[in-house]
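Work through the exercises below. Try each task before you read its solution.

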Amino acid sequence: MTTRGALRYFETRARVYRHVWRGSMISTFLNPIMFLAAMGLGLGSLVDEGPGAATLEGVSYLAFLAPGLMAATAMQAAAGDSSWPVMAGIKWLKTYDAALATPVGVPDLVTGHVAFVTVRVVFASGVYGLIAAGFGALSVPSALLATLPAGLTGLAFAAPVTAYTASLQRETGLTALFRFGIVPMFLFSGTFFPISQLPGYMQPLAYLTPLWHGVELTRAAALATSPAWNPVAHVLVLIVFTVAGTILAIRQLGGRLIT
Amino acid sequence: MDPSLVSARDLTKRFDEFVAVDSIDFEVRPGEAFGFLGPNGAGKSSTMRMIGAVSPRSAGDLSVLGIDPDVGGASIRARLGVVPQEDNLDTELPVGENLMIYGRYFDLPRPVIRERIKELLEFAQLESREKSKVDSLSGGMKRRLTIARALINRPDLLLLDEPTTGLDPQARHLLWDRLYRLKQEGVTLIITTHYMDEAEQLCDRLVVMDKGKIVAEGSPRELIERYSPREVVELRFPVGVQEQVLAQLDGTATRTEVLPDRVLLYTEDADITTAAVHARGLQPETVVERRSSLEDVFLRLTGRSLVD
């Protein structure tokens with residue numbers, strides 16, 4: 001692998017993005033507004049009045065929710081960018097084959113892809129954070145600070161999802177990934193409520209998901225609170241997912257394309 | 001120094017139990033247009049992918065531009081141009097940017113690439129399409145763009161895997177003309193094809209492949225002279241009649257080849273053979289006299305035609 005090769009592929013993704021960014025803008029801006037209004041303000045008005053408010057560590061539900069959604073958005077954007085577009089590169093457009101006919105190698109493709117997705121994710125979660133700041137949930141500096149753990153959350157999904165996509169023959173497995181992986185994580189990994197509210201036997205399951213660690217870190221950064229575990233432990237878990245995912249993605253993609 | 005650009009000894013490619021390329025030997029010399037002729041599944045593309053340093057060989061020796069692909073794959077690929085069988089242009093990018101990203105993969109500076117984009121679009125007769133979407137191009141235009149893309153790094157060796165498959169005759173001739181120009185400029189070409197006319201048009205030298213093996217080697221002319229009499233008479237009979245008359249054709253030609261829809265008579269003189277057929281009272285629906293081609297060579301060597 002060369003840094004240069006990875007940068008070249010990063011450049012390709014950036015060029016493609018320049019032509020397709022408009023399509024993603026609506027969801028990037030509209031989703032935060034809708035979620036923060038409906039859940040943060042609407043549902044939040046009930047939560048803040050109710051007995052559950054005590055579990056939110058003394059902040060409003062809107063403030064509790066906003067960083068959770070930043071991390072969850074990072075997950076969704078990273079998984080989205082690492083699923084269908086990767087399948088297109090492998091199978092539908094075969095642009096990976098085109099790149100591999102040049103000095104660019106499989107590790108360059110994987111690292112260049114993951115790096116670009118991470119930049120996209122930091123941008124998307126940043127937009128989320130700033131809109132949340134507009135809602136009065138966070139201050140602007142803490143919203144921007146929270147994009148770092150959100151970006152790390154994106155990394156921890158981009159790499160393993162790329163590996164998973166590269167292992168699939170057909171795209172039906174991608175629908176399954178979202179239905180049985182991404183959506184349940186979105187709902188049950190601490191985004192909308194602390195996992196202490198889950199039945200006891202389900203809590204360890206949340207520990208296994210990268211999203212819970214991402215949510216804990218992002219929330220701690222945004223609200224200047226302490227996360228559930230030592231922050232170093234959360235960061236390490238996300239790094240393990242990133243590194244293992246990258247190694248697997250290189251192996252899977254290599255086995256698929258260099259035959 | 002090794003005078004050949006590509007040299008292979010006992011080159012073999014296996015996919016599990018299946019042997020795609022079965023211990024073949026060949027040399028490609030600088031400046032020549034070298035062809036792999038054979039039907040689908042003969043092992044041509046597998047051989048091309050090994051030469052292109054994107055498919056590790058299973059056994060044997062291979063040297064491309066003096067480098068072993070197992071060791072220096074990236075340095076080989078830096079000096080190759082590859083036109084794959086299926087166009088793999090990036091349809092999310094316009095024509096010009098497809099060339100730009102490719103140039104960047106070769107680490108060329110952007111101003112250099114911009115210069116070359118101008119030249120290459122002209123070469124590919126796509127000057128006015130720089131900003132067009134790839135999907136708006138015709139099949140022939142996409143092929144020409146893929147060839148232009150393969151030339152962005154000024155390769156020493158251009159690999160073309162079935163460059164004209166699926167194109168209409170006009171598009172094919174335009175493409176052949178462009179490839180002929182490249183050859184004139186001294187670019188070494190390796191071409192796979194299952195079209196004998198393409199091989200005859202473009203290749204100085206070729207090998208005929210079947211079931212992973214090389215069954216013959218030479219220039220198109222040499223192969224035809226070696227494996228097939230000079231001329232062919234093609235006879236077509238009404239349905240059901242062909243079987244009954246076969247015996248009566250004995251002795252009219254040097255060799256007879258029976259295809260499902262027609263009979264081929266190989267001969268040194270087509271007129272004499274045709275006269276002999278008529279003298280025996282046979283009345284085929286059509287009689288076509290023509291020169292022998294690589295198709296006939298292939299039929300002779302394998303008993304099957306190239307294009308099913």
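A residue counts as buried if 20 or more other C-beta atoms lie within 10 Å of its own, as exposed if 12 or fewer do, and as partly exposed in between, with C-beta atoms placed from the backbone. This is a predicted model, where local features need pLDDT of at least 70, side-chain atom pairs count only at pLDDT 80 or more, and totals for chains, interfaces and linings use all residues. Residues are numbered from 1 along each chain as its sequence is written, and chains are lettered from A and ligands numbered from 1 in the order in which they are written.

**Exercise 1. Describe chain A.**

Step 1: take the burial. Buried residues make up 49% of the 259 residues in chain A.

Step 2: list the elements. Helices (H or I, at least four residues) and strands (E, at least two) are DSSP runs, numbered from the N terminus. Chain A has eleven helices and zero strands. Its pattern along the sequence is α-α-α-α-α-α-α-α-α-α-α.

Step 3: box it. Along the principal axes, the C-alpha atoms of chain A fill roughly 60 × 40 × 30 Å.

Step 4: check the contacts. Two residues are in contact if their C-beta atoms, placed from the backbone, lie within 7 Å. Of the contacts in chain A with a separation of 6 or more, 79% join residues 24 or more positions apart.

**Exercise 2. Which elements give two or more residues to the side of chain B that touches chain A?**

Step 1: count both sides. Chain B supplies 21 residues and chain A supplies 22 residues.

Step 2: name the elements. They are α2 and α3 (95-105) of chain B. α3(B) gives the most, with five residues.

**Exercise 3. Is B:L65 buried or exposed?**

Step 1: locate the residue. B:L65 sits in the loop between β4 (59-64) and α2 (69-77) of chain B.

Step 2: read the backbone. Phi of B:L65 is near 55 degrees, a positive value in a residue other than glycine.

Step 3: count neighbours. B:L65 has 22 other C-beta atoms within 10 Å, so it is buried.
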